[in-house]
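Dear colleague,

Please find below the structure that I am handing over to you. My notes on it follow directly after.

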Amino acid sequence: MLTIASRCWLCQQALRLARHGLCSLCLRHLAPIPPCCPRCGLPSQSHALPCGRCLYKPPPWQALIFAGVYQPPLSDLLLRLKFSSSPELAEPLARLLLLRWLARYREGSVVRPHILLSIPLHRRRYRSRGYNQAELLARPLARWLGCDYLPFALERTRATPPQQRLSETLRKRNLRQAFRCTQTLKDKHIALIDDVVTTGSTISEVSKVLNKKNIASLQIWCICRTL
């Protein structure tokens, strides 16, 4: 008898490889990704060259890679991972992200990172949820790529209100001095893992903290990008 872990998370059809989580038919029906800037991940004329926004005001990272657009059904799976106590969804979603990174790596547009980090939760929210979804995504990625994963390198120093209902200006103010890095990362290529990037306020704040550590480069990896 097949268990739920042996079926596609979307259509419930039996899977040949249960760890993939999604069947090939559902994968083909995920929302297509339009040409996006390789640095900020927003729609652009070219997927190979930085957009005008990034040329005018470069973000504090070198590449942004995402598995898909933040819309159903991928966004539904992400919400289940975060809020419906479904940590087993992390590995299938991480696999989608791995495939996107491999495509960029084979193009020669990104380097293999030395270290993977994840956006931390404040300990209060961690206790409430029981896990950090970004950490669950980072662990299999580090294992597949043979990278070091440092789960405690980044700390959230204070609890902040949820970002979802705040304007972009308030998001930036909300996160000011909310993170710190406790590791020496000099000359390391870093990949920072998050579940979704919307305005980029969170990753911008953490990126500034990491750049003060004299890292060699920084990539942002996320499951969904809001376009």
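R143 is exposed, with a relative accessible area of 52%; exposed stands for over 50%, buried for under 20% and partly exposed for what lies in between, with a 1.4 Å probe and protein chains only. The model is a predicted one, in which local features need pLDDT of at least 70 and side-chain atom pairs count only at pLDDT 80 or more, while totals for chains, interfaces and linings use all residues. Residues are numbered from 1 along each chain as its sequence is written, and side-chain values use heavy atoms, with hydrogens and water left out.

Salt bridges

The side chain of R143 meets that of E91 in a salt bridge, at 3.6 Å from N to O. E91 belongs to helix α4 (residues 90–107) and R143 to helix α6 (residues 133–145), so this pair ties together parts that are 52 residues apart in sequence. E91 itself is partly exposed, at 29% relative accessible area. Helices (H or I, at least four residues) and strands (E, at least two) are DSSP runs, numbered from the N terminus. A salt bridge requires a side-chain nitrogen of Lys or Arg within 4 Å of a carboxyl oxygen of Asp or Glu, and the whole structure holds 4 of them.

Another salt bridge joins E135 and R139, at 2.9 Å from N to O. These two residues are 4 apart in helix α6, a separation of about one helical turn. E135 counts as buried, at 16% relative accessibility, and R139 as partly exposed, at 40%.

E155 and R180 also form a salt bridge, their closest N and O atoms being 2.7 Å apart. Since E155 lies in strand β4 (residues 154–156) and R180 in strand β5 (residues 179–181), the pair ties together parts that are 25 residues apart in sequence. Both are partly exposed: E155 at 28% and R180 at 47%.

Surface charge

K57, R176, K208 and K212 form a positive surface patch; such patches join like charges within 9 Å, among residues with over 30% relative accessible area and no salt bridge. K57 is exposed, at 63% relative accessible area, and sits in the loop between α2 (52–56) and β1 (63–69).

Overall form

The protein has 8 helices and 7 strands. Its radius of gyration, taken over C-alpha atoms, is 17 Å, close to the 17 Å that the globule rule gives for 227 residues, so the protein is as compact as a globular protein of that length. That rule is 2.2 Å times the number of residues to the power 0.38. Of the 227 residues, 48% count as buried.

With kind regards

Methods
Patch = residues over 30% accessible without salt bridge, like charges linked within 9 Å, V, L, I, M, F, W, Y side chains within 5 Å. Areas by Shrake-Rupley, 256 points an atom, 1.4 Å probe, with all protein chains shown as cover. Lys, Arg positive; Asp, Glu negative; His and termini not counted. Charge placed at Lys NZ, Arg CZ, Asp CG, Glu CD.
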